[in-house]
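The tour goes stop by stop.

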Amino acid sequence: MLSVERHILRNYVFLHALTSGLELPIGTQDAQLLDPRINDVADDALWAEEDDEDTPADAGDDAAGQTFASAEDFAKRAADAYQRYAGPLRKRFKWLRPGLFVPALAQHLREDIDALIAVLQKSGPWDADRDAKLRALVRLLTKQHPDDKVLVFTQFADTVAYLARELPDRGVTCLEGVTGNSDDPTALAWRFSPESNEKRAKVTPAQELRVLIATDVLSEGQNLQDAAIVVNYDLPWAIIRLVQRAGRVDRIGQKADKILCYSFLPAEGIDRIIRLRSRVTQRLKENAEVVGTDEAFFEGDPAAAIHNLYHEKAGLLDGETDTEVDLASHAYQIWKDAITADPALEKVIQGLPNVVYSTKAHTPTPRTPEGVLVYLRTAQGNDSLAWLDRKGKSISESQFAILDAAACTPDTPALPRHAKHHTLVKRAAENAAEEEKQVGGQLGKPTGARFRTYERLSGYADKVKGTLFASQELLRAIEEIYRFPLFESARDTLNRQLKAGIEENDLADLVLTLRREGRLCQVQDDMVRQEPQIICSLGLSTEH
């Protein structure tokens with residue numbers, strides 16, 4: 001229903017421009033800009049500065065459950081939205097003059113609007129008390145797992161807001177919702193999982209969360225293994241997301257013997273309408289026809305494959321190993337297995353010098369040729385694995401594929417090194433240094449918050465040099481951004497504001513505020529730029 005409302009509102013924005021002879025905005029009118037009722041973005045979204053008494057800027061959760069009342073209300077809000085688009089948000093869009101569009105477009109927009117409003121009127125207001133899916137989740141949280149920590153994932157921020165509003169009314173306490181627009185997703189992760197984040201001393205019992213509802217903003221990069229129960233309230237089209245979600249709790253430090261994953265499938269009546277299973281089956285068949293049967297995603301009965309996919313049967317996602325498991329956890333498990341099998345290995349391996357090398361037998365294929373595997377630590381202190389063939393060409397950047405290629409048993413014989421072994425290792429180190437330089441060096445990738453903030457503030461500092469806006473504090477903040485990594489919460493905040501089109505002066509104020517509060521950079525006075533280090537290398541040879 002909310003998606004339909006936003007679609008109507010987008011249509012009205014274009015209709016307002018066409019009927020008023022104004023330029024049309026070309027670009028994404030996402031929910032943050034378009035909808036005043038998203039509680040996560042009330043402060044910086046489209047309606048933050050409006051004086052509409054019916055929809056105040058801090059409407060929050062109460063507004064999140066309401067719907068627009070009439071076509072007139074849609075039209076008024078669309079006109080307000082256009083004023084923001086054409087004003088402070090103008091740079092977010094490209095603009096086309098109305099004369100480029102045929103007159104029939106306005107009529108077609110009206111017809112779409114009328115049809116969609118009729119759908120909303122026929123549906124009537126949403127009644128949470130009749131929501132069978134919500135009732136099932138309540139039973140799960142209050143009957144099946146009344147005392148356990150539970151991580152609930154959903155695809156949409158709207159659903160997070162809905163569940164966070166309705167569940168407390170149904171007896172579910174110690175609960176929070178988090179999306180990409182939350183002020184500090186990491187702080188909420190700490191409150192939900194203080195043990196695994198080593199924050200037990202900082203999170204009081206009153207602050208600790210039992211239930212955390214999240215979009216996929218938390219499906220990567222967070223330690224949440226204080227919990228062992230994951231709920232997929234809806235299923236993402238990118239099914240690998242299911243594995244990533246489970247990976248937030250299936251990590252080193254998990255104390256439970258089993259990880260429980262609950263997934264909601266569409267009710268049979270709904271599935272007959274949207275044909276989810278049959279559409280996924282068709283996608284699998286089309287892939288086999290285009291790519292060829294040798295490269296089909298799954299073998300055997302497609303219907304069984306889909307069923308197994310939803311239940312994450314072993315081996316089904318072998319083609320996506322890079323996203324299956326946290327790489328550090330995978331490498332650590334290899335280490336633990338090795339020293340458990342032979343405790344003497346621990347001292348032997350730790351005593352090996354850098355640049356140590358060996359060679360093992362290898363049976364090449366077109367995708368896995370002979371060559372050399374190299375383990376490096378870059379100038380930025382990042383661990384990196386490289387695989388080069390004998391001509392010095394990079395074969396794979398998949399860290400999992402390289403680890404798998406390096407796999408040996410304790411009795412694997414060592415072969416003589418290839419004549420070009422050290423030359424290839426040197427090439428790998430040069431490639432790693434060049435790649436790090438290309439992605440922004442110390443500032444990281446050009447698309448990252450750290451790089452973009454530094455670039456914009458450096459330009460701003462030059463622009464305001466010699467004015468009242470210039471300050472030594474700002475220059476020190478810019479220098480710290482260059483030298484030291486951002487705190488995760490600062491990176492999230494800056495990413496959100498950069499996406500919203502924040503002006504340079506406001507960005508400078510935000511950075512200075514974060515710095516004064518000690519929330520900007522992880523400042524380490526003794527941080528020294530290192531030279532790249534070659535830790536070890538392993539040749540893959542057919543000469544055995």
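Where is L22 found? Select L22: this residue is in the loop between helix 1 and strand 1. Helices (H or I, at least four residues) and strands (E, at least two) are DSSP runs, numbered from the N terminus.

Before moving on, note that this is a predicted model: local features need pLDDT of at least 70, side-chain atom pairs count only at pLDDT 80 or more, and totals for chains, interfaces and linings use all residues. Residues are numbered from 1 along each chain as its sequence is written, and side-chain values use heavy atoms, with hydrogens and water left out.

**Stop 1: around L22**

L22 has 29% relative accessibility and counts as partly exposed. The scale is this: buried means under 20% relative accessible area, exposed over 50%, and partly exposed in between (1.4 Å probe, protein chains only). Now show the contacts of L22, meaning heavy atoms within 4.5 Å. Leaving aside neighbours within four places in sequence, L22 touches H16, A17, Y82 and P98. L22 and W95 are 73 residues apart in sequence, yet their C-alpha atoms are 9.6 Å apart in space.

**Stop 2: a nonpolar patch**

Select I26, L96 and L100. They make a nonpolar surface patch of about 240 Å². Patches are made of residues with over 30% relative accessible area and no salt bridge; like charges are joined within 9 Å, nonpolar side chains (Val, Leu, Ile, Met, Phe, Trp, Tyr) within 5 Å. Areas come from the Shrake-Rupley method with a 1.4 Å probe; for residues, only the protein chains shown count as cover. I26 sits in strand 1 (residues 24-26). At 38% relative accessibility, I26 is partly exposed.

**Stop 3: salt bridges**

Side chains of opposite charge can pair when their charged atoms come close. Here a salt bridge is a side-chain nitrogen of Lys or Arg within 4 Å of a carboxyl oxygen of Asp or Glu. How many salt bridges does a search of the whole structure find? The search finds 17.

Select R6 and D158. Their closest N and O atoms are 2.7 Å apart in a salt bridge. R6 lies in helix 1 (residues 2-20) and D158 in helix 7 (residues 157-166), so the pair ties together parts that are 152 residues apart in sequence. R6 is buried at 7%, while D158 is partly exposed at 21%.

Next, select R200 and E208. This salt bridge has its closest N and O atoms 2.8 Å apart.

Then pick D129, R165, E166 and R170. These residues are linked in a network of salt bridges.

**Stop 4**

Switch to cartoon view. Five strands form an open sheet in the order 8-12-9-10-11, with mixed pairing. Two strands pair if DSSP finds at least two bridges between them. Strand 8 and strand 11 stand at the edges with a single partner strand each, so one side of each has no neighbour in the sheet.

Zoom in on strand 8 and strand 12 (residues 533-541). They pair in the parallel sense over six bridges. Select S358: it stands opposite L538 in strand 12.

Finish with helix 15 (residues 399-406). This helix packs on the sheet and touches strand 8, strand 9, strand 10, strand 11 and strand 12.

Methods
Axes are lines fitted to C-alpha atoms, for helices over the stretch in contact, and angles run from 0 to 180 degrees between N-to-C directions.
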